[in-house]
Amino acid sequence: MPEMIKQKQEGIFLPFAPTEYNVVGEEAIAVHWKEEELIQPKEEFIRQANMTDVGIYERFSEKNYPECFKEYGDMLSWDRYWTETLDTSNPPFFKWFVGGKLNACYNCVDRHLQKYGNKAAIIFAPEPEDESYQFITYRELHRRVNEFAALLLDMGVKENDVVTFHLPMVAELPISMLACARIGAIHSEVFGGFSSKSVAERADDAESKVLITMDSYYRNGKLIDHKARADESVNLCKETKIEKVLIWERYPGKYSSSTPLAEGRDYLINDLLENYRGKRVEPLSKPAEDPLFLMYTSGTTAKPKGCQHSIGGYLSYVAGTSKYLFDIHPEDTYWCLADIGWITGHSYIVYGPLSIAATSVIFEGTPTYPDAGRSWRIAEDLHVNIFHTSPTMIRMIRKEGPDEPGKYNYHFKLMCTVGEPIEPEVWRWYYDKVGKGEATIIDTWWQTENGGVIGSNLPALRAMKPGSCGIGMPGIYPIIFAEDGSEIEKGSGKAGNICIKRPWPGSFQTIWKDPDRYVQTYYSKYSKLGSKDYRDYYYFAGDGAVQAADGSFRILGRIDDVINVAGHRLGTKEIESSSGSNEEVAESAVVAKKDPIKGTVVDLYVALKPGFEPSKELEEKIRNKVGTDIGPIARPSSVHIVPDMPKTRSGKIMRRVLNAISNQRECGDVTSLANPEIVEVIKNQVQG
């Protein structure tokens with residue numbers, strides 16, 4: 001410990017000088033962020049952290065690449081050890097831990113039984129507060145996974161078959177995932193809030209003949225008839241016929257759907273499991289490079305992409321990052337308030353935490369139902385000490401109950417943000433109110449395609465910086481390119497396209513059945529296609545970023561979201577952050593509106609905190625604040641103070657709907673939104 005503190009004093013916690021940002025031309029994204037202060041983690045956190053050795057950055061430096069990732073691979077149990085850490089013979093189709101064999105389910109369940117068999121692996125928190133928490137030990141998880149794996153085999157599911165799930169946030173979802181992994185089948189979970197059409201598209205593409213769903217689940221106090229969507233999905237499939245629909249019951253032994261079962265196609269899993277009590281299935285040893293699961297990105301204008309993730313590379317990466325970045329110890333209670341229907345849930349609710357014998361909480365409902373104190377009651381009840389959520393959720397919780405965290409007796413050692421850049425103002429509320437000034441925060445940057453976090457600070461080794469994700473994770477080497485391919489130096493104040501210049505184990509292998517699209521989308525912009533040298537390939541993330549003099553990155557959002565106003569390319573997150581710094585503002589969303597003079601202008605949508613009322617004076621105050629913080633060119637043409645934002649079931653603001661309203665276009669299908677009724681309200685307000 002003294003040596004670590006000495007290293008800290010000598011500059012591992014990097015100070016920085018404020019940067020004067022340069023005016024940049026149309027080819028670059030204009031950046032006007034001010035530098036933020038550094039906040040040091042508490043000594044108490046540093047003492048207990050899994051990773052306190054600053055030498056990890058040296059071990060994972062480029063000179064030790066790719067063998068550095070042996071450190072993550074060795075966290076797993078292998079049936080056969082690998083012979084080659086990285087195969088680069090066919091770039092950009094990279095292979096990790098070649099020659100190795102293992103089973104993901106064994107690594108997440110079986111190997112923990114001797115030491116942690118009676119420890120909770122999963123705690124299920126149902127939405128109705130009059131229902132008890134369900135504590136599923138590793139031994140109980142082992143039993144339930146084995147029984148369902150045996151059932152799947154008897155249903156004709158074979159190795160390398162793709163099984164599509166349309167499951168909500170219930171314990172049966174990770175049980176289904178692990179059962180598929182145990183028998184070598186590939187799973188493809190579709191977010192429970194997606195429409196039947198979305199399920200059908202993904203099942204078609206994956207050529208799934210089996211769909212696993214649930215009869216019902218709770219959302220905002222209502223028992224949703226989920227089975228009805230399964231029938232619609234089967235009917236909407238065009239390419240592949242779904243032959244079997246397996247249905248979990250929300251209340252075992254009680255079918256809670258009004259939709260009748262289709263004879264010969266539909267099966268109630270809970271009834272069938274009576275025949276499999278005590279059954280055991282030997283985990284199938286699989287090559288490390290075989291696929292573990294597909295995760296489809298949700299495209300609104302193009303066919304969703306099936307991101308194919310491997311067993312060995314992916315599992316090693318989420319195990320390593322769960323231990324070192326999220327600082328999960330076996331004795332911790334860890335709660336990731338995401339949905340397993342997204343990559344965050346796959347990596348950091350199921351596979352990452354369970355691979356290192358964690359206790360992982362799964363919550364069925366929404367964090368503000370029946371009131372804004374629900375999240376903190378769960379945290380208090382379960383003694384949660386690691387809390388992981390998105391900026392979207394943080395803004396929602398702040399809007400609905402800004403003072404609620406202080407009413408409850410919970411204490412977090414670590415808090416995480418994921419999914420999008422977080423505004424410094426929101427970060428500070430998260431730190432002060434939710435974390436009570438005690439918790440260390442890690443802000444993370446990554447995507448569905450990346451498998452695990454690729455940009456963040458290891459929490460005991462670098463200071464926190466509001467609004468910044470930090471540096472590249474160990475073994476990840478980010479680089480920012482200008483449009484012309486030149487590298488943008490750190491501290492220049494110029495933004496560009498952030499890329500990764502070496503492959504890493506967690507990255508997806510390809511797009512399912514579409515390798516050409518994989519190359520074109522992610523490697524064609526800055527790579528030398530055709531080269532056999534893997535160092536000529538740069539992963540293109542599609543995000544804009546700027547790097548400060550201290551090396552930390554600030555992600556500016558999707559390049560597609562940049563607004564070009566009179567030749568100035570403005571990042572939407574900057575404008576939203578400026579708007580959100582007004583005390584009245586809970587949420588902001590910026591869209592581009594067509595203009596006959598300037599071509600494009602900024603339209604700003606704002607939702608207020610409780611207790612504040614809309615007014616023309618407040619609209620002008622918000623406009624002027626943006627103009628002052630960023631410049632007159634960014635001053636919104638209109639500020640629309642709306643009752644609420646159109647949001648997905650996961651709480652994400654649907655900016656495409658707002659864009660359509662601003663530009664007098666049809667909004668498209670909004671039935672899958674959590675609050676579709678708000679669209680018409682906003683439309684009437686904006687369009688008159």
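Start by selecting helix H9, residues 196-206: this helix lies across E7, E9 and E15, and runs at about 145° to E15. Helices here (H or I, at least four residues) and strands (E, at least two) are DSSP runs, numbered from the N terminus. For the angles, axes are lines fitted to C-alpha atoms, for helices over the stretch in contact, and the values run from 0 to 180 degrees between N-to-C directions.

A word on what's loaded: this is a predicted model, where local features need pLDDT of at least 70, side-chain atom pairs count only at pLDDT 80 or more, and totals for chains, interfaces and linings use all residues. Residues are numbered from 1 along each chain as its sequence is written, and side-chain values use heavy atoms, with hydrogens and water left out.

**The sheet**

Now show the strands. Eight of them make an open sheet of mixed pairing, ordered E13-E12-E9-E7-E8-E15-E16-E24; two strands pair if DSSP finds at least two bridges between them. Color strand E13 (266-268) and strand E24 (510-511) to see the edges, since each pairs on one side only. Next, zoom in on strand E16 (residues 306-310), which is joined to E24 by two bridges, the two running antiparallel. Pick Cys-307 and you'll find its bridge partner in E24, Ile-511.

Contact means heavy atoms within 4.5 Å.

**The cores**

Which residues touch the most other members of the largest nonpolar core? Among its 126 residues, select Phe-69, Leu-141, Leu-152, Leu-178, Ile-212, Trp-248 and Tyr-351. (Such a core is a set of buried Ala, Val, Leu, Ile, Met, Phe, Trp, Tyr and Cys residues joined through side-chain atoms within 4.5 Å; buried means under 20% relative accessible area, exposed over 50%, partly exposed in between, with a 1.4 Å probe and protein chains only.) Center on Leu-152: its contacts include Val-157, Ala-179, Cys-180, Ile-183, Ile-212 and Leu-246. A second, separate core has 30 residues, including Trp-376, Ile-378, Ile-397 and Val-434.

**Two last stops**

Go to Arg-374, in helix H14 (residues 374-382). Buried or exposed? Arg-374 is buried, at a relative accessible area of 2%. Its neighbors include Pro-126, Glu-127, Glu-129 and Phe-363.

Finish at Ile-442 in strand E21 (residues 440-443), also counted as buried at 2% relative accessibility. Among the residues Ile-442 touches are Leu-325, Phe-326, Cys-416 and Pro-459. For a distance label, draw a line from its C-alpha atom to that of Gly-278, 164 residues apart along the chain: the separation is 42 Å.

Notes:
Lists of a residue's contacts leave out its neighbours within four places in sequence.
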